[in-house]
Amino acid sequence: MKDLDPKIAAAVNGENGEAAKAGTRKCLMNRRQFLLTSGLTTTVVMVGIPGMPEAETPAVVSTYPRKLIGKLSELKTDEPLSFEYPDEGQYAESILVKLGTKAGGGIGAEEDVVAFNYTCTHQGGPLQGTYKAADKALGPCPLHLTTFDLTRHGIFIAGQAYQSLPQVLLEVDGDDIYAVGMFGLIYGRYDNLQG
Ligand code: FES
């Protein structure tokens, strides 16, 4: 899987995560896609931030059964689409966007298609409608003005939040785009799942 940070990929794949210890799931990967069986796993990894070679940050990576959320051929640069993941409960709404510039965790030929949860990690402010094409960012949040960089795994670049925006992990199967997991914890939830 070329598109994910190797440590995230290892966690998703279960090579050194809880899934591997439990032996509960399997994964088959190539350069462009990985196929997940059903089942839920969560682990914590340290990942680098694109553009910040010295920096590493802890992140919770959770995988779920994959969900079809769009098609590569239907995406237009800087025109976001919405979807819900990993369930349809509170705070599940997310953005799928083709940035037009390479991004951490990006998929597609240009590695520029990313997805993020729409809920601000500070106090749950709604980030819908705040995509800024010029900055490839979400924000400022209407509550306390945090802005998140979508090219660098949703790291905050201004404002009150101190946690990155949860990134939806994506895979491509032909023209289909699937959500397969979460990189980070959704605001207001204990394990990214409702209830
Ligand atoms: S809720 Fe978004 S910055 Fe406070």
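First, the ground rules. The model is predicted: local features need pLDDT of at least 70, side-chain atom pairs count only at pLDDT 80 or more, and totals for chains, interfaces and linings use all residues. Residues are numbered from 1 along each chain as its sequence is written.

pLDDT is the predictor's confidence in each residue, from 0 to 100. The chain averages 80, and 69% of the residues score at least 70. Over residues 14-39 the pLDDT is below 50, although this stretch has 47 contacts in the model beyond near neighbours in sequence. Where pLDDT is low, the predicted coordinates should not be read in detail. A contact means two C-beta atoms, placed from the backbone, within 7 Å.

Now the setting. The chain has two helices and 13 strands. These are DSSP runs numbered from the N terminus: helices are H or I with at least four residues, strands are E with at least two. Of the 195 residues, 45% count as buried. Among contacts between residues at least 6 apart in sequence, 46% join residues at least 24 apart.

Take Leu150. Leaving out residues up to four places away in sequence, Leu150 touches Val97, Leu99, Ala103, Val114, Phe116, Lys136, Ala137 and Leu138. One of these, Val97, has Val114 in E7 as its bridge partner.

Five of its five residues are buried, so E7 is largely enclosed by the rest of the structure. In a regular strand the side chains alternate between the two faces of the sheet. Val113, Ala115 and Asn117 point one way from E7; Val114 and Phe116 point the other way.

E6 (residues 93-98) joins E7 through five bridges, running antiparallel. Two strands pair if DSSP finds at least two bridges between them. Lys98 has Val113 as its partner in E7. E6 is mostly covered, with five of its six residues buried. E5 (residues 81-84) also pairs with E6, antiparallel over four bridges. There, Leu81 has Leu96 as its bridge partner.

E9 and E11 belong to an open sheet of four strands, in the order E8-E9-E10-E11, with antiparallel pairing. E8 (131-132) and E11 (155-158) stand at the edges with a single partner strand each, so one side of each is left without a neighbour in the sheet. E10 (residues 147-149) pairs with E11 over three bridges. Asp149 stands opposite Ile155 in E11.

Last, Arg189. Arg189 is found in the segment after E13 (176-183). Arg189 is buried, with 20 other C-beta atoms within 10 Å. Its C-alpha atom is separated by 8.7 Å from that of Tyr91, 98 residues apart along the chain.

Key:
Buried ≥ 20, exposed ≤ 12 C-beta atoms within 10 Å, placed from the backbone.
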